[in-house]
Amino acid sequence: MLMIFLVPLACWLPAAGTGRVRWSVAAPLAACAGLQIAAVERWTPTGLRLTALVAGGIAVAAVLLAGLAVDRPWRGTTGPRRAAGTAATAACAVLVGTVSVLGAFALGLGGPPAEVPPAAELPALPTGLALSGDEDLGCGGGSSTYCGRRLHVRGTAGQGGDEVARRLHDRLIATGWPLVPGDPGKWQGCRARGLLLDRHELCLSLESAQDGVTVLLETGDTWS
């Protein structure tokens with residue numbers, strides 16, 4: 001499956017006529033393939049994955065077309081192998097560029113696909129607090145999809161739920177969470193996460209319990 005990202009490079013190499021142009025174009029194509037593979041394998045930051053995938057595709061199309069224009073394969077002698085490579089390269093550039101642009105428009109209209117937020121969205125806990133539960137709630141919904149994760153935080157020194165909630169609330173506020181109070185012992189807030197095509201809204205609710213605090217992280221497939 002991942003080998004599909006190397007197809008543009010495989011099309012280009014037999015189409016190139018001069019060594020200098022061949023490798024000047026092959027290098028960025030390889031870099032784009034590496035970026036896209038990293039995005040698919042989730043090696044890139046969560047808030048950049050779709051943007052990296054689409055940007056890589058658009059860059060591949062632009063590099064291929066620029067390579068064909070600079071190399072001018074129609075000049076001089078062109079054998080069957082090079083002619084076939086040139087045709088395949090041009091077709092690949094058009095296909096990859098079209099799919100990437102359509103993908104960008106689709107994400108722009110519908111928003112990024114929803115994913116269960118990672119526990120790492122909760123900032124580092126203050127000294128004396130520890131994560132004691134982590135439950136993946138999965139995704140569900142109707143016309144819009146929502147995904148969630150439930151975390152439980154407790155005090156390591158026997159602090160009550162109200163004290164744990166106060167300290168965690170202060171840490172969340174200090175790290176940029178715009179929490180507002182709800183029912184007694186509850187706070188909630190949302191903020192934007194990700195960039196460009198990955199931009200989405202992540203919401204957090206905090207509720208005091210007898211033995212600690214319950215934190216609910218939720219996100220959906222809508223733009224922030």
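Me: What is a nonpolar core here?
Reply: A nonpolar core is a set of buried Ala, Val, Leu, Ile, Met, Phe, Trp, Tyr and Cys residues whose side-chain atoms link them within 4.5 Å. This is a predicted model.

Me: OK, how many residues has the largest one?
Reply: The largest nonpolar core has 16 residues. Leu168, Leu204 and Val215 are among those with the most contacts inside it.

Me: Which elements give two or more residues to this core?
Reply: Strand E2 (146–155), helix H5, strand E5 (200–209) and strand E6 (212–220) do. H5 gives the most, with 4 residues.

Me: Take leucine 168. What does it touch?
Reply: Not counting residues up to four places away in sequence, leucine 168 touches Leu125, Leu129, Val153, Leu206, Val213 and Val215.

Me: What is histidine 169 in contact with?
Reply: Beyond its neighbours within four places in sequence, histidine 169 is in contact with Leu179, Trp187 and Leu206. The side chain of histidine 169 also makes a polar contact with the side chain of aspartate 170, at 3.3 Å.

Me: Where do Trp187 and Leu206 sit in the strands?
Reply: Leucine 206, in E5, is the bridge partner of tryptophan 187. Tryptophan 187 belongs to E4, where it is also the bridge partner of proline 181. E4 and E5 run antiparallel and are joined by 8 bridges, while E3 and E4 pair in the antiparallel sense over 2 bridges.

Me: New topic: what order do the strands have in the sheet?
Reply: The order is E1-E2-E6-E5-E4-E3, in an open sheet of 6 strands with antiparallel pairing.

Me: Why is one side of E1 and of E3 left without a neighbour?
Reply: Strand E1 (129–140) and strand E3 (180–181) stand at the edges and each has a single partner strand, so one side of each has no neighbour in the sheet. E1 pairs with E2 over 10 bridges, and glycine 138 stands opposite glycine 148 in E2.

Me: Which strands does H5 lie across?
Reply: H5 lies across E1, E2, strand E4 (186–193), E5 and E6, and runs at about 155° to E5.

Me: Last one: which residue takes a positive phi in the hairpin of E4 and E5?
Reply: Glycine 194 does, near 80°, in a hairpin with 6 residues between the strands. In the hairpin of E3 and E4, with 4 residues between the strands, glycine 185 takes a positive phi near 80°.

Technical notes:
Residues numbered from 1 in each chain as written. Predicted model: local features only at pLDDT ≥ 70, side-chain atom pairs only at ≥ 80, totals over all residues. Heavy atoms only, no water. Polar contact = N/O pair within 3.5 Å; in protein donor to acceptor, adjacent residues only side chain to side chain. Contact = heavy atoms within 4.5 Å. Buried < 20%, exposed > 50% of the residue type's maximum accessible area, 1.4 Å probe, protein only. Pairing = 2+ DSSP bridges. Axes fitted to C-alpha atoms, helices over the stretch in contact; angles between N-to-C directions.
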